[in-house]
Every structure is written in structure tokens, then in C-alpha cells.
Amino acid sequence: MEKRLAATTASANLVLEEIPGLMDRVTDLLAREFPASTPSQAYAAFAPLVSVDAAANTRMVHLVQVVLDELHTAIAKMQALERWIQLLVPRVADGNNFGVEVQKSVQLQISASRTALQKAWDGMTDYYWQRATAFEKFAAKSSKETTNTVTTTAEEGGNDGDSNKKSVVGAEKVTQTGAAPLADLVSYVAAVDVKWYFNLQRTLESVGDHYAFTLDAVEKNNAKIKLPRGHGERGMSMF
């Protein structure tokens with residue numbers, strides 16, 4: 001287990017070194033990818049994109065992928081730190097457990113951050129479902145019908161005797177139905193985009209917050225995390 005602890009410690013140290021850069025990346029993404037600062041600005045940008053052909057909002061699809069990438073990275077970083085602290089938990093002993101409590105408190109904080117990020121990750125597909133459900137009320141619908149007609153022609157006589165010739169004629173009919181959508185339904189679809197635009201913005205902000213909270217907690221309690229009882233005992237088991 002010493003080898004495992006060494007590898008986990010190296011991984012955790014790398015994560016702690018990376019976090020400031022990851023926080024800067026989140027800040028840059030917020031400034032670059034979320035220029036609209038008010039719901040009215042976002043609505044003005046999204047409403048013209050709503051049409052009966054139910055086209056995707058490519059801007060929002062891009063933002064969903066950006067935030068998913070950052071959530072994925074943050075969850076992995078939190079897991080690495082949780083694993084590291086758990087392997088540093090010393091064996092159970094009577095007394096002198098204040099440092100162990102501090103160690104556990106930091107671990108629980110990181111675990112809470114990871115859980116919150118995972119919950120955000122799990123809810124990201126709701127954007128597509130909510131928008132599709134809204135579009136379903138008025139999007140144009142089309143159907144296609146294909147028919148084939150077979151014609152047989154009989155010919156008698158000739159050097160080769162009687163023969164039959166067949167010809168196949170195909171026809172395809174496409175029917176599209178749709179009426180001018182109600183203005184309120186168009187507004188509703190645009191409002192879904194606006195809501196999720198700011199949901200994504202706040203989710204990305206929370207990624208940066210969790211990085212900051214985690215780094216702050218580890219730096220302030222680094223000594224207790226590594227040596228919770230203040231001497232050379234290092235744990236890889238809770239018992």
C-alpha cells in the first residue's frame with residue numbers, strides 16, 4: 001500500500017498545482033462564452049433562431065459541451081483529492097483525534113463539492129429534453145410514402161418464343177404539415193434557451209467556486225491532512 005499511497009499523493013499534489021490554472025480557465029470561459037449579462041440580451045439573441053423546422057440552437061449546444069467538459073474535469077480532480085485524504089487516515093486510537101477530525105472535515109467538504117458537481121452533470125441532459133418538449137407543440141411534421149407499381153407486358157411469337165416484360169414505376173409522396181406557430185410558443189422556446197444559458201453560466205461559476213473552496217481548505221489544513229496526529233504515523237487504513 002505504500003506504493004499506492006505514493007502514487008495517490010503524487011496525483012493529489014499535481015491536482016493542487018493545477019487548480020489555480022483551472023480556476024483561471026473557468027474565468028476566461030465565463031468572459032468569452034457568456035457575453036450576455038441580462039436575460040433580455042440573451043432573449044434578443046435566441047428568439048430569432050426559433051422556427052417551425054425545430055432547428056437546434058447551435059450556440060447553446062456548444063455551451064452545454066463547454067460546461068460538461070469543465071464538470072468532467074472538476075469531478076475527476078475532486079475524486080483524486082478524496083482518495084488521497086482517505087489513504088492518509090490513520091488507524092483508530094483513543095485520544096489525540098483532533099487532527100483526524102480536521103482531516104475528515106476537509107475530506108467531507110471535498111466530497112460535498114464532488115457530489116454537487118456530479119448532480120449538475122446528471123442534470124445537463126434536461127436542456128435537450130425541455131427544448132424538445134417545447135418544440136413538439138408546434139414544430140412542422142412531415143411524412144413520406146413510397147409506392148411501386150409493377151406492370152407486366154406479354155409478347156407472343158418471335159424467334160425466342162413468347163416472353164413477358166416487367167416494368168416497375170416508383171412514386172414518392174412527401175406530406176408536410178404545419179401552421180404559423182403561436183407567438184407565445186416561440187417565446188417559450190426562446191425562454192427555455194435563456195433559462196439554460198444562465199443555468200450553464202452559474203454552473204460554470206460553481207465549478208470555479210468549488211476549486212477555490214477545495215484549494216483553500218487543503219492549504220489551510222495541509223499539516224493536519226498529512227499528519228493528523230502530529231507525528232510520523234501515516235494511515236492507509238481506517239482500522
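Student: Why is the crossing of helix 3 and helix 6 called left-handed?

Tutor: Helix 3 and helix 6 cross in the left-handed way. This model is predicted: local features need pLDDT of at least 70, side-chain atom pairs count only at pLDDT 80 or more, and totals for chains, interfaces and linings use all residues. Residues are numbered from 1 along each chain as its sequence is written, and side-chain values use heavy atoms, leaving out hydrogens and water.

Student: What makes helix 3 and helix 6 roughly parallel?

Tutor: Their axes cross at roughly 20° and come within 10 Å. Axes are lines fitted to C-alpha atoms, for helices over the stretch in contact, with angles from 0 to 180 degrees between N-to-C directions. Under 35 degrees is roughly parallel, over 145 roughly antiparallel, 65 to 115 roughly perpendicular, and the rest oblique. Therefore helix 3 and helix 6 count as roughly parallel.

Student: Which residues make the contact?

Tutor: Contact means heavy atoms within 4.5 Å. Helix 3 brings Val67, Glu70 and Leu81, among others. Helix 6 brings residues including Tyr197, Leu200 and Leu204.

Student: How do you know that Leu204 is buried?

Tutor: Buried means under 20% relative accessible area, exposed over 50%, and partly exposed in between (1.4 Å probe, protein chains only). Leu204 has 0% relative accessibility, so it counts as buried.

Student: What does Leu204 touch?

Tutor: Leaving out residues up to four places away in sequence, Leu204 touches Val26, Leu29, Leu30, Phe34, Val67 and Glu70. Val67 is 137 residues from Leu204 along the chain, yet their C-alpha atoms are separated by 6.1 Å.

Student: What makes a group of residues a nonpolar core?

Tutor: Such a core is a set of buried Ala, Val, Leu, Ile, Met, Phe, Trp, Tyr and Cys residues joined through side-chain atoms within 4.5 Å. The largest one here has 47 residues. Phe34, Met60 and Leu200 are among those with the most contacts inside it.

Student: Which helix gives the most to this core?

Tutor: Helix 3, with 16 residues. Apart from this core lies another, of 8 residues, including Ala47 and Phe138.

Student: How many helices and strands does the protein have?

Tutor: It has 7 helices and 2 strands. These are DSSP runs, numbered from the N terminus: H or I of at least four residues for helices, E of at least two for strands.

Methods: Left-handed = near helix turned anticlockwise from the far one by under 90°.
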